[in-house]
Amino acid sequence: MKKTLLLRVILGGAIAAQLAGAPAAFAAPASAPSGGSTSSNAPLVSNLPDFTQLVDRVGPAVVNIRTTERVSRNQRGLPPGMDDDMAELFRRFFGVPMPQQPGPKGGTPKRGQPQPDEEQNSGVGSGFIVSNDGYILTNAHVVDGADSIYVTLTDKREFKAKLVGADKRTDVAVVKVEAKDLPTVPVGDSNKLRVGEWVVAIGSPFGLENTVTAGIVSAKGRDTGDYLPFIQTDVAVNPGNSGGPLINMRGEVVGINSMIYSQTGGFMGISFAIPIDEVMRVVDQLKKTGKVVRGRIGVAISEVSKDVADSLGLPRAQGALVRSIEPGSPAEKAGVQPGDIIMKFEGRPVDHATDLPRMVGETKPGSSATLQVLRKGKNQDLKITIAEADTDTPKASKAQGGSAEAPHPNALGLVVSDLTEAQKKDLKLRGGVQVELAEGPAGRAGLQQGDIILRVGDADIANAKQFEDVVKALDPKRLVPILVRRGDATQFVPLRPRAQGSK
């Protein structure tokens, strides 16, 4: 079975076009007049989108991007890619030596004499002009590793471009050419895109410049595991389209085409674009400083499952569950605890765990923010100071072995032991018990020896005796959330206590 790949569309990009609210200039052709006859110039098919005027207006602002990298020539003057062994094979099979390449003045270079580097093409992609003085947007992976960048316009003018800055995390890059009065594509609002709207892509798939493809918005906010929520479309995007614009029916760019979902490496009906609103936030920083600075708070998080939400009494699965906290991080200083569920950041709901890194990332380091966390069934507001991303190094802490065993598994199927003072100090804990044996409900849920139980329901666990007292009082008819730490990660595990005599 072929492996499904989520690929960056190397050296390419695609554009999308939006149907809703389109002005008359981009409207669909009128229906044919009723009556028996029609004009020879009348369209045979009506009520379909017509992209011709859109392409005429936007097309000149879409550019082809060609990159090169410098490669050292063989010191003996051999052609690029041929080493001494290949040259010897050439001599043996053909009876003549491999001809030497001429030096700078037409002569044959002497043995051992260093040769000048030469440029070799390293890729082709797309981009689009956003200001008439020469600022061009594309994907970071299009220009990654390039020594030279060349931009070609639709009128065949070619410019050597300068890399202003690139951000690999969002796959956005800004390049600049020295020119005036260039055609531009207006920037739209990706938040106003609606699923089902028509979109258009213009780019250079397989090096075929100014290729136009069209489709619809298939989904919004698609999480592919990257930093940004992507726009999903069915616009045909192939290698060479990367960095090109996704354009709506008003002729505005609403995204940068960046990736495809493919089992073959070619287009299979699903492509992804970076929302232009997120792009422009990155572009502003790249133009000012050449890099992007993001905020961080120092937590590892995960999604809140439906079972966890039900056990905590939440109406639906939402928020970001705090699994672990980096020592000395802003989160630790603000009083965030493992097991907290972050519900809001600066008053904005955190519907999914992936929302939180984006919210924190776009917050200026050094500024103060408010986290709303759910802890033991109650919401609490915590003030936190945002740090700069990648400045704090996470420090791992590992659980060590335990001490005495409990006599037999309890209603949760657990045998636990007290933590030593040294363990608590090493783990930075005030309480908790260590799992020595997990069977029954706990075993089926995946608990294992060495796990640390920090909380049962709303009760913080201080020691093994108190843990047993809390478990004895549990209702066998209800799920209870158990806060468990494994290594540096903390998560809730919903368990249903077994009734007396059951397994």
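A polar contact, as the term is used here, is a pair of N or O atoms within 3.5 Å; within protein, one atom must be able to donate a hydrogen and the other to accept it, and residues adjacent in sequence count only if both atoms are side-chain atoms. With that in hand, we can take a walk through the structure above.

This is a predicted model, in which local features need pLDDT of at least 70 and side-chain atom pairs count only at pLDDT 80 or more, while totals for chains, interfaces and linings use all residues. Residues are numbered from 1 along each chain as its sequence is written, and side-chain values use heavy atoms, with hydrogens and water left out.

## The chain as a whole

The protein chain has 10 helices and 27 strands. Both are DSSP runs numbered from the N terminus: helices are H or I runs of at least four residues, and strands are E runs of at least two. Of its 503 residues, 45% count as buried. Buried means under 20% relative accessible area, exposed means over 50%, and partly exposed lies in between (1.4 Å probe, protein chains only). A contact means heavy atoms within 4.5 Å. Among contacts between residues at least 6 apart in sequence, 64% join residues at least 24 apart.

## The annotated site

Where does UniProt place the feature "active site"? The record, an unreviewed entry, puts it at His141, Asp171 and Ser242. These three span 102 residues in sequence, yet no two of their C-alpha atoms are more than 10.1 Å apart, so they gather at one spot. UniProt positions follow the numbering used here, feature names are shortened, and annotations may be inferred rather than shown by experiment.

Asp171 sits in the loop between strand E6 (158–167) and strand E7 (172–176). Its relative accessibility is 2%, so Asp171 counts as buried. Ser242 belongs to the loop between strand E10 (229–233) and strand E11 (245–247), and Ser242 is buried too, at 0% relative accessible area. The side chain of His141 is a partner for both: a polar contact of 2.8 Å joins it to the side chain of Asp171, and one of 2.9 Å joins it to the side chain of Ser242.

## Rings and charges

A pair of aromatic rings is described by the distance of the centres and the angle of the planes. Rings of Phe, Tyr and Trp (its six-membered ring) pair if their centres lie within 6.5 Å; planes under 30 degrees apart count as stacked, over 60 as edge-to-face, and the rest as tilted. By this rule there are two aromatic pairs. One of them is formed by Phe230 and Phe272, edge-to-face, with 6.2 Å from centre to centre and 75° between the planes. This pair links distant parts of the chain, as Phe230 is in strand E10 and Phe272 in strand E13 (residues 271–275), 42 residues apart. Phe230 and Phe272 are both buried.

A charge sits over a ring if NZ of Lys or CZ of Arg is within 6 Å of the ring centre and within 35 degrees of the ring normal.

| Charged residue | Ring | Distance to ring centre |
|---|---|---|
| Lys176 | Tyr135 | 5.3 Å |
| Lys287 | Tyr135 | 4.4 Å |

## A helix with two sides

Which residues of helix H10 (residues 464–472) are buried? They are Ala464, Phe467, Glu468, Val470 and Val471. These residues cover an arc of only 160° around the axis, which puts them on the same side of H10. The arc is that of the directions from the helix axis to the C-beta atoms. On the other side of H10, Lys465 and Lys472 are exposed. The cover over the buried residues includes strand E22 (414–418), strand E23 (433–438), strand E24 (452–456) and strand E25 (459–460). At the start of H10, a side-chain oxygen of Asn463 comes within 3.3 Å of the backbone nitrogen of Lys465.

## Some loop residues

Asn132 lies in the loop between strand E3 (118–129) and strand E4 (135–138), and Asn132 is partly exposed at 43% relative accessibility. Leaving out residues up to four places away in sequence, Asn132 touches Ala179, Lys180, Asp181, Leu182 and Thr184.

Phe206 has a phi near 55°, a positive value in a residue other than glycine. Phe206 is in the loop between strand E8 (198–203) and strand E9 (211–223) and is exposed, at 59% relative accessible area.
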